[in-house]
Amino acid sequence: MNKLILSILIVIILTGCNKFPNDPLSQLEGKVIVNGEQYTMILSDYEQKEDKGEFSISSKHSSDINEIAELFDTLEVEKSTIFKFEIDKNPSSITVAKLNEDGTTDLVEMKDNEITMPSESGYYIYQLKTIWSGGKQTFVFDVSVE
């Protein structure tokens with residue numbers, strides 16, 4: 001009888017330790033839409049805080065943006081192609097940065113969740129930093145402009 005009670009107690013304790021309220025991070029996703037096709041961007045890092053500050057979850061992947069971009073299937077597009085973004089949780093702020101082949105970085109203007117690809121051929125990595133009331137999230141994707 002004691003073993004049964006002990007087993008039930010252990011199960012209850014382990015279940016309680018593994019529960020995260022509503023597990024909001026499992027639902028966050030960012031997509032880039034090009035010519036009607038959707039592509040899921042790579043999650044680079046995130047920070048999530050519960051409204052009451054009861055818990056915080058964060059993750060940082062490799063700090064090398066080139067390694068992160070390798071996880072995304074490079075999109076091949078024409079010059080001046082328009083990209084549209086759909087990001088879960090409706091971020092209050094989105095900053096877009098473009099990493100050029102020469103290692104320099106430029107901020108990219110976004111209007112109505114859209115950006116325009118460069119008018120020069122080349123390989124580019126894009127990083128979207130999003131902020132919403134519950135935290136921060138960064139997405140990465142890469143393109144080859146022909």
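This is a predicted model: local features need pLDDT of at least 70, side-chain atom pairs count only at pLDDT 80 or more; totals for chains, interfaces and linings use all residues.
Residues are numbered from 1 along each chain as its sequence is written, and side-chain values rest on heavy atoms, with hydrogens and water left out.

Helices (H or I, at least four residues) and strands (E, at least two) are DSSP runs, numbered from the N terminus. In general, strands of a sheet pair through backbone hydrogen bonds, either parallel or antiparallel.

Within this sheet, strand E1 (residues 30–34) and strand E6 (residues 82–87) run antiparallel and are joined by 5 bridges. Gly 30 stands opposite Ile 87 in E6, and the bridge partner of Lys 31 in E6 is Glu 86. Strand E6 also pairs with E9 in the antiparallel sense, over 3 bridges; here Lys 84 stands opposite Glu 114 in E9. The two faces of E6 comprise a covered one, with Phe 83, Phe 85 and Ile 87, and an uncovered one, with Ile 82, Lys 84 and Glu 86.

Accessibility is classed as buried under 20% relative accessible area, exposed over 50% and partly exposed in between (1.4 Å probe, protein chains only). Lys 31 is partly exposed, because its relative accessible area is 22%, and Glu 29 likewise counts as partly exposed, at 33%.

Another salt bridge is formed by Lys 98 and Asp 106, whose closest N and O atoms lie 3.8 Å apart. Lys 98 has a relative accessible area of 13% and is therefore buried, whereas Asp 106, at 34%, counts as partly exposed. Lys 98 is placed in strand E7 (residues 93–99). The side chain of Lys 98 additionally makes a polar contact with that of Asn 100 (3.5 Å); a polar contact is a pair of N or O atoms within 3.5 Å, where within protein one must be able to donate a hydrogen and the other to accept it, and residues adjacent in sequence count only if both atoms are side-chain atoms. With contact defined as heavy atoms within 4.5 Å, and not counting residues up to four places away in sequence, Lys 98 touches residues including Thr 104, Val 108, Pro 118 and Tyr 124.

Val 140 lies in strand E11 (residues 135–145) and is buried, because its relative accessible area is 0%. The C-alpha atoms of Val 140 and Gln 127 are 4.6 Å apart, with the two residues 13 apart in sequence. Beyond four places in sequence, the residues touched by Val 140 include Met 41, Ile 42, Ile 65, Phe 72, Ile 125 and Tyr 126.

Rings of Phe, Tyr and Trp (its six-membered ring) pair if their centres lie within 6.5 Å, and planes under 30 degrees apart count as stacked, over 60 as edge-to-face and the rest as tilted. The ring centres of Phe 83 and Phe 141 are 5.8 Å apart and their planes lie at 20°, so this pair is stacked. The pair links distant parts of the chain, with Phe 83 in strand E6 and Phe 141 in strand E11, 58 residues apart. Both Phe 83 and Phe 141 are buried. Tyr 126 and Phe 141 form a stacked pair as well, at 5.2 Å centre to centre and 10° between the planes. Tyr 126 belongs to strand E10 (residues 122–132) and Phe 141 to strand E11, so the pair ties together parts 15 residues apart in sequence. Both Tyr 126 and Phe 141 are buried. Ring pairs link Phe 72, Phe 83, Phe 85, Tyr 126 and Phe 141 into a cluster.

Definitions and conventions: Two strands pair if DSSP finds at least two bridges between them. A salt bridge is a side-chain nitrogen of Lys or Arg within 4 Å of a carboxyl oxygen of Asp or Glu.
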